[in-house]
Amino acid sequence: KPILLQGHERSITQIKYNREGDLLFTVAKDPIVNVWYSVNGERLGTYNGHTGAVWCVDADWDTRHVLTGSADNSCRLWDCETGKQLALVKTSSAVRTCGFDFGGNIIMFSTDKQMGYQCFVSFFDLRDPSQIENNEPYMKIPCSDSKITSAVWGPLGEFIIAGHESGELNQFSAKVREQLSNIKEHTKQINDIQTSRDMTMFITASKDNTAKLFDCTTLEHLKTFRTERPVNSAALSPIFDHVVLGGGQEAMDVTTTSTRIGKFEARFFHLAFEEEFGRVKGHFGPINSVAFHPDGKSYSSGGEDGYVRIHYFDPQYFEFEFEA
């Protein structure tokens with residue numbers, strides 16, 4: 001039976017484990033940022049300060065700081081333990097993605113293309129407090145074509161991998177103002193990007209009903225996982241060759257397209273064979289974000305219904321894999 005986390009009034013936008021996996025951070029289309037103990041689903045606390053939907057959350061490698069980006073045109077840095085706001089970066093449009101590099105010293109975030117403003121990726125070095133105080137990132141890269149909808153750091157903090165509304169994938173250098181490479185494997189918007197545990201591969205989830213696996217450094221397309229509905233999020237298991245996908249039709253399309261009212265299961269695929277081998281039901285609406293626990297023994301999903309569900313795998317799951 002899954003652990004149900006009820007801490008949001010609106011639909012979940014992102015869920016994220018810290019590196020050890022003892023904490024789970026959840027953000028939604030309400031201004032609340034929650035942190036939970038992943039082992040029992042107890043709420044540890046909230047980070048209060050945002051005034052709009054919170055699109056993204058990240059924790060640094062030693063879980064000292066938490067970073068959030070919101071539709072209230074701000075990116076905020078919090079002290080994980082006390083919940084105190086340490087820094088506030090004001091932007092001209094909504095912050096869609098954010099993340100710490102591997103060392104936890106450099107943050108990046110991307111802003112939306114809206115209200116006449118361009119989409120930018122900004123990089124701040126937290127070791128230099130004047131950058132945050134003066135709101136002057138050491139680097140800002142404009143994206144004129146289509147806005148960034150998801151972004152993650154690549155290995156060693158050399159570059160970020162960004163997915164766009166158009167379905168394009170880009171690598172932007174974190175050292176010099178340039179785009180390193182660009183490919184277009186998806187035909188529609190990329191909703192989510194997550195890397196593997198060793199950061200050699202990453203998986204994308206797209207509105208074109210597929211999730212795809214790529215090599216982090218070369219952006220070589222390796223595998224494709226096909227479904228019959230938009231994929232909102234995809235995660236790679238840290239211990240097995242397994243992928244979990246979450247998605248579903250948007251609420252407004254459900255009644256008109258499907259006789260089964262919306263298909264809202266989390267779906268498991270084999271990484272190498274691209275075959276589906278399991279489904280987990282539960283959410284009353286599309287799944288917006290999925291994440292594997294860093295030990296691989298459980299996974300969580302956050303849905304349009306505002307709930308986060310933590311599922312622990314049965315012992316058979318581990319036996320089955322080792323026999324296989």
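## Reading a predicted repeat model

Author: Let's start with residues 47-88: the end C-alpha atoms of that span lie 13 Å apart, and it is 0% helix and 55% strand. Here helices (H or I, at least four residues) and strands (E, at least two) are DSSP runs, numbered from the N terminus. Keep in mind that this is a predicted model, where local features need pLDDT of at least 70 and side-chain atom pairs count only at pLDDT 80 or more, while totals for chains, interfaces and linings use all residues. Residues are numbered from 1 along each chain as its sequence is written, and side-chain values use heavy atoms, with hydrogens and water left out.

Reader: Which residues does UniProt list for "repeat: WD"?

Author: The unreviewed entry gives 5-46, 47-88, 183-224 and 280-310. UniProt positions follow the numbering used here, feature names are shortened, and annotations may be inferred rather than shown by experiment. Over 280-310, the chain is 0% helix and 55% strand, with its end C-alpha atoms 11 Å apart.

Reader: How do I read burial? Is Thr13 buried or exposed?

Author: Buried means under 20% relative accessible area, exposed over 50%, and partly exposed in between (1.4 Å probe, protein chains only). Thr13 counts as buried because its relative accessibility is 14%. You'll find Thr13 in strand S2 (residues 12-17).

Reader: Where does His283 lie, and what does its side chain touch?

Author: His283 is in the loop between strand S25 (276-280) and strand S26 (287-292). Its side chain makes a polar contact with the Asp305 side chain, at 3.3 Å. Leaving aside neighbours within four places in sequence, His283 has contacts including Phe264, Tyr307 and Arg309. With 7% relative accessibility, His283 counts as buried.

Reader: What about Tyr312: where is its place?

Author: Tyr312 sits in strand S28 (residues 307-312). Tyr312 counts as partly exposed, because its relative accessibility is 41%.

Conventions
A polar contact is a pair of N or O atoms within 3.5 Å; within protein, one must be able to donate a hydrogen and the other to accept it, and residues adjacent in sequence count only if both atoms are side-chain atoms. Contact means heavy atoms within 4.5 Å.
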